[in-house]
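Please open the structure in a viewer and keep the sequence at hand.

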Amino acid sequence: MSGCRKRCKREILKCAQYLLRLLTGSLHTDSVEDELEMATVRHRPEALELLEAQSKFTKKELQILYRGFKNECPSGVVNEETFKEIYSQFFPQGDSTTYAHFLFNAFDTDHNGAVSFEDFIKGLSILLRGTVQEKLNWAFNLYDINKDGYITKEEMLDIMKAIYDMMGKCTYPVLKEDAPRQHVETFFQKMDKNKDGVVTIDEFIESCQKDENIMRSMQLFENVI
């Protein structure tokens, strides 16, 4: 592997680690300036100013994230294999491959096989600082694997299995093998209001907002991002 590729993956990993700390609440806004002082940021002000207007990040936060993407890799895109490699380092106790695939597709909104800096920032802005409605819309898109506007029981099961596979054997108490299916049966029965075998976005959002247990379980989805 060339030195450039090694440095690129190192920078992307730093970016991912920063994002994970943000998502788990261990990085506070006050520390952004400290991280910024430690980095020499190269950026295009016009592009960042546009993203600042389109997202809920400050310009300084965008500069830090921009560095992770483009300082060593001018192409500024992450392909699926690199995305999977990054995720596997956060969940070494399990197999994160399938979940990383689903998550990559959720970020890759134009379905061109690559996540650009702009794609990533727009998705991350929703997940970190969006309204409940925006977050649930994003979550629905994740579960709607084939993007047909509906969630089937099979799609929900695929996502749940992927999450359980990623968490590996570290859960306590140890989960039964059929736990993902039981989880889905419970959720799907509550969400499929008209019993037509699919969950629409309205059913999904209404169910999540009305059921505290579902909202708490939705945090699992947020925590593994």
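**First stop: helices α5 and α6**

Select helix α5 and helix α6 (residues 97-107): the two pack at an angle of about 130°, and their axes lie 9 Å apart. At that angle α5 is oblique to α6, because angles that are not roughly parallel (under 35 degrees), roughly antiparallel (over 145) or roughly perpendicular (65 to 115) count as oblique. The crossing of α5 past α6 is right-handed. Please bear in mind throughout that this is a predicted model.

Next, display the side chains at this contact. From α5, select E80, F83, K84 and Y87; from α6, select T97, Y99, A100, H101, L103, F104 and F107. By class, the contact of α5 with α6 comprises seven nonpolar, two polar and two charged residues.

**Second stop: E80**

Now centre the view on E80, which belongs to helix α5 (residues 80-90). Which residues is E80 in contact with, leaving aside its neighbours within four places in sequence? They are H101, F104 and G113.

How many salt bridges does the structure hold? There are seven. For one of them, select R129 and E61, whose side chains meet at 2.8 Å, N to O. This pair links distant parts of the chain, 68 residues apart: R129 is in helix α7 (residues 117-129), whereas E61 is in helix α4 (residues 59-70).

Finally, select helix α9 (residues 153-167) together with helix α10 (residues 179-191). These helices pack at an angle of about 140°, with 9 Å between their axes. The angle makes α9 oblique to α10. In passing α10, α9 forms a right-handed crossing.

To display this contact, select the following residues:

- from α9: K153, M156, L157, M160, K161 and Y164;
- from α10: A179, P180, R181, H183, V184, E185, F187, F188 and M191.

Colouring the selection by residue class shows how the contact of α9 with α10 divides: ten residues are nonpolar, one is polar and four are charged.

Key
Residues numbered from 1 in each chain as written. Predicted model: local features only at pLDDT ≥ 70, side-chain atom pairs only at ≥ 80, totals over all residues. Heavy atoms only, no water. Helix = DSSP H or I, 4+ residues; strand = E, 2+ residues; numbered from the N terminus. Contact = heavy atoms within 4.5 Å. Axes fitted to C-alpha atoms, helices over the stretch in contact; angles between N-to-C directions. Left-handed = near helix turned anticlockwise from the far one by under 90°. Nonpolar A, V, L, I, M, F, W, Y, C, P; charged D, E, K, R; others polar. Salt bridge = Lys/Arg side-chain N within 4 Å of Asp/Glu carboxyl O.
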